[in-house]
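I opened this notebook to record what I looked up in the structure. The entries follow the order in which I consulted the model.

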Amino acid sequence: MKTPDNRIRNVTLRQLQIFSVAAQHLNFARASEALHLTQPAVWMQVKQLEDLVGLPLFEKIGRKLYLTAAGDEMRQTAASVLAEIRRAEERIALLAGGKGGTIALAVVSTGKYFVPRLLALFRRAQPEVQVNLTVANRDQLVQMLARNEVDMCVMGRPPAELDTVAEAFAPHPHVVIASPEHPLARERGIGAQQLAAETLLLREPGSGSRAVMEGYFAAHHVEPRHTVMLGSSETIKQAVMANMGLAFISLHTLALELRTGDLVILDVPGTPLMREWHVVRLASKKLSPSADALRAFIVEHAGPWLDATFADHLAPRPIA
């Protein structure tokens, strides 16, 4: 019984299932009962499998049936294949129920201050779901969306250049911050002209906080005199704490520094400047049940959580 090259790859799942039961019982009568098949049907499937393998799988010694060396090899292979099939069925059932799988989520760098907390809350209810989180600037997020590298993004302004679905889920307040030692820290009613005379620390072109600052000064027909570009919100906060200048920044990045008193919010009429947070996906993107469950969780829970966390900071601190 010689096997032509590669014929074993033509083995069917049904043949493996029947052979596995026959190998377990080592008795075709009992195997046929377990499978609810006739003995000839069981034997035919085993014989077809032997033809594909090219070697006998069973041998009869006396009245007992035994596995041959090839039969034992196929028994292990069948067990491994059938176990993988069962695991795949379980994983697919979890995916179908929105309780498993991997989600690729990207957030603009400002979102790193609160999105991980939301993910922790989400995974308490969905512990089987794996979330791969990427933090990047806005331009990088737009590129990842365009290349379909992520399921969805959390960002401020949705990209106009892409066909997306964007759901607003929370207000996104921006404030002007200073060191407690800065001369403006104790003033009330600080105007655009006063701010424009200070050194202003800002992010790269295209960033949300920079767009907010530029929009503020454009609305007041004022041009800032001196700006310094820094690479991240964290660097900007550290520079403001060192009294290098002032900054327009998302309130949602400031929970720790406001609590410790390392930064203060300036009393600037018209602030906080309100934008919105969005969860964004490509319009053509078909979300898995798990990814859609995360999207719905963010839309439903992020706004109330942010409101509760930052409610005390939506106005400047009282002047001592």
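**Entry 1: helix 2 and helix 3.** I looked up how helix 2 (residues 28–35) meets helix 3 (residues 39–53), and found that their axes come within 9 Å and cross at roughly 100 degrees. Axes here are lines fitted to C-alpha atoms, for helices over the stretch in contact, with angles running from 0 to 180 degrees between N-to-C directions. Helices (H or I, at least four residues) and strands (E, at least two) are DSSP runs numbered from the N terminus. Helix 2 and helix 3 are therefore roughly perpendicular to each other (65 to 115 degrees; under 35 counts as roughly parallel, over 145 as roughly antiparallel and the rest as oblique).

I then listed the residues in contact (heavy atoms within 4.5 Å). Helix 2 contributes Phe 28, Ala 29, Ser 32 and Leu 35, which meet Gln 39, Val 42, Trp 43 and Val 46 of helix 3.

In the loop between helix 2 and helix 3 I found His 36. The phi of His 36 is near 60 degrees, a positive value in a residue other than glycine.

**Entry 2: basis of the values.** The model is predicted: local features need pLDDT of at least 70 and side-chain atom pairs count only at pLDDT 80 or more, while totals for chains, interfaces and linings use all residues. Residues are numbered from 1 along each chain as its sequence is written, and side-chain values use heavy atoms, with hydrogens and water left out.

Entry 3: I looked up the largest pocket, which holds about 290 Å³ of space. A pocket is an open set of points on a 1 Å grid over the protein atoms alone, where a 1.4 Å probe fits, with protein on both sides within 12 Å along at least five of seven lines; lining residues have an atom within 4 Å of a point. Volume is the space filled by probe spheres set on the points, which are joined across faces, edges and corners. Of its 22 lining residues, Gly 156, Arg 157, Ser 207, Gly 208 and Ser 209 are the closest to the centre of the largest pocket. The lining of the largest pocket has 5 nonpolar, 11 polar and 6 charged residues.

The second largest pocket has a volume of about 240 Å³. Helix 10 (255–260) gives the largest share of its lining, 4 residues.

**Entry 4: a cis peptide and the overall chain.** I found a cis peptide bond between Thr 271 and Pro 272, with omega about 5 degrees. The C-alpha trace of the protein chain spans about 100 × 35 × 30 Å along its principal axes.

Methods:
Ala, Val, Leu, Ile, Met, Phe, Trp, Tyr, Cys and Pro count as nonpolar, Asp, Glu, Lys and Arg as charged, and the others, Gly among them, as polar.
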